[in-house]
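Please keep the sequence and the structure in view while reading.

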Amino acid sequence: MADKQISLPAKLINGGVAGLIGVTCVFPIDLAKTRLQNQQNGSRLYTSMSDCLIKTIRSEGYFGMYRGAAVNLTLVTPEKAIKLAANDFFRYHLSKDGQKLTLLREMLAGCGAGTCQVIITTPMEMLKIQLQDAGRIAAQRKLMPQAVTPGGPVEVKSPTAMQLTRQLLKEKGIAGLYKGLGATLLRDVPFSIIYFPLFANLNNLGKRGADGPAPFYVSFVSGCIAGSTAAVAVNPVDVIKTRLQSLTRGSQEDTYSGVTDCIRKILRNEGPSAFLKGAYCRALVIAPLFGIAQVVYFLGVGEFILSYLPKRNN
């Protein structure tokens, strides 16, 4: 909750707990989103989210839906913690004597939060996308052998996050982990600009009295509505980011040199509707993620955990 005075350690714990719970719940939908966004005309394996999940379970088993989850579960704690704590930090410093923030200042706080989080988000997404899309590439090899180019940048049969990290660092240095940084900024900054002010204003509608907090269910619903709205709004940039960060492609799939080149080729070969690929999946992923995050803040999980930690005597 933005209105509660919460210590920085508690904010970090809140963000981490919310991220871990949320990712565990919605990761299979995120995997479907990545695979739907990456498939291009001529190499379509999946017709919808449900079709993708059913085929994934048949070919890779239940845990195939959680490819790349370890990366997310490891890095989502600092990512969500930075995002939520940074937003509260900027809101605090942009407020004047505790007065209500104007919409512009709320948007500036969201912009700052989105900019800070890409430090973690970019390498996390880079690794996660390779692991999530590996099953789609493997399925192409079996069903459409002509659609996959051998000898691609990542040819590990079942790559692990550590193998991918070592390979990227060896071949391209730290820049390899930050491929698609510009597209990530173009997605996460507008997302935060939309999400945080929208959540704050929706949440204020459910407050008990002028100064009372909103009930937890209001915070949850506000987080879901704000999250899904922001997710759909920036989905075109998410498609671009996913395409730019994918290392292995089929022989009939386009490669891209940058954001502008990606936009041009998608428009030419797939049409404007391609920018909405995976939009409903992304809304289904983001809505509960941020709804859960706001409830964790409301319940004060971070403060509860800190209260049980031994205090250092001065």
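How far apart are the end C-alpha atoms of helix 1, and what would a straight helix reach? The model under discussion is predicted. In it, helix 1 covers residues 8–38, and its end C-alpha atoms are only 38 Å apart. A straight helix of 31 residues would reach 45 Å at 1.5 Å a residue. A kink of about 60 degrees is found in helix 1 at Val26, shortly before the proline Pro28. Helix 1 is also mostly covered, with 22 of its 31 residues buried.

## The chain as a whole

The secondary structure consists of 12 helices and zero strands. Read from the N terminus, the elements therefore run α-α-α-α-α-α-α-α-α-α-α-α. The chain has 314 residues, and 52% of them are buried. Among contacts between residues at least 6 apart in sequence, 80% join residues at least 24 apart.

## The nonpolar core

In soluble globular proteins, nonpolar side chains tend to be buried together. In this model, the largest nonpolar core contains 36 residues. Those with the most contacts inside this core are Met49, Phe191, Tyr195, Val285, Ile286, Leu289 and Phe290. Two or more residues each are given to the core by helix 1, helix 2 (49–60), helix 3, helix 4, helix 7 (181–205), helix 8 (216–233) and helix 11. The largest share, nine residues, comes from helix 11.

Apart from its neighbours within four places in sequence, Met49 is in contact with Ile29, Ala32, Leu36, Tyr280, Cys281 and Leu284.

## Salt bridges

How many salt bridges does a search of the whole structure find? The search finds 17.

| Salt bridge | N to O distance | Burial |
|---|---|---|
| Glu106 and Arg91 | 3.7 Å | both buried |
| Arg187 and Asp188 | 2.7 Å | both buried |
| Glu270 and Arg243 | 2.9 Å | both buried |

The side chains of Glu106 and Arg91 meet in a salt bridge of 3.7 Å, N to O. This pair links distant parts of the chain: Glu106 belongs to helix 4 (residues 103–143) and Arg91 to helix 3 (residues 69–94), and the two residues are 15 residues apart.

For Glu270 and Arg243, the salt bridge has an N to O distance of 2.9 Å. Glu270 lies in the loop between helix 10 (259–269) and helix 11 (279–299), while Arg243 lies in helix 9 (residues 235–245), so the pair ties together parts that are 27 residues apart in sequence.

Together with Asp30, Lys33, Glu125, Lys128, Asp238 and Lys241, they are linked in a network of salt bridges.

Is helix 9 largely enclosed or largely open? Nine of its 11 residues are buried, so helix 9 is largely enclosed by the rest of the structure. The buried residues are Asn235, Asp238, Val239, Ile240, Lys241, Thr242, Arg243, Leu244 and Gln245. Among them are Asp238 and Lys241, which belong to the salt-bridge network.

Glu270 has a relative accessible area of 13%. Because buried means under 20% relative accessible area, Glu270 counts as buried. The side chain of Glu270 forms a polar contact of 2.9 Å with that of Arg243, and another of 3.0 Å with that of Lys277. With neighbours within four places in sequence left aside, Glu270 is in contact with Gln39, Gln40, Asn41, Arg243, Tyr256, Lys265 and Lys277.

## Asp261 in helix 10

Which residues does Asp261 touch, not counting those up to four places away in sequence? They are Thr255 and Tyr256. Asp261 is found in helix 10 and is buried, with a relative accessible area of 9%. A polar contact of 2.6 Å joins its side chain to that of Arg264.

Terms used:
Residues numbered from 1 in each chain as written. Predicted model: local features only at pLDDT ≥ 70, side-chain atom pairs only at ≥ 80, totals over all residues. Heavy atoms only, no water. Helix = DSSP H or I, 4+ residues; strand = E, 2+ residues; numbered from the N terminus. Expected span 1.5 Å × (residues − 1). Bend = angle between axes of the 7 residues up to and from the residue. Buried < 20%, exposed > 50% of the residue type's maximum accessible area, 1.4 Å probe, protein only. Salt bridge = Lys/Arg side-chain N within 4 Å of Asp/Glu carboxyl O. Core = buried A, V, L, I, M, F, W, Y, C linked by side-chain atoms within 4.5 Å. Contact = heavy atoms within 4.5 Å. Polar contact = N/O pair within 3.5 Å; in protein donor to acceptor, adjacent residues only side chain to side chain.
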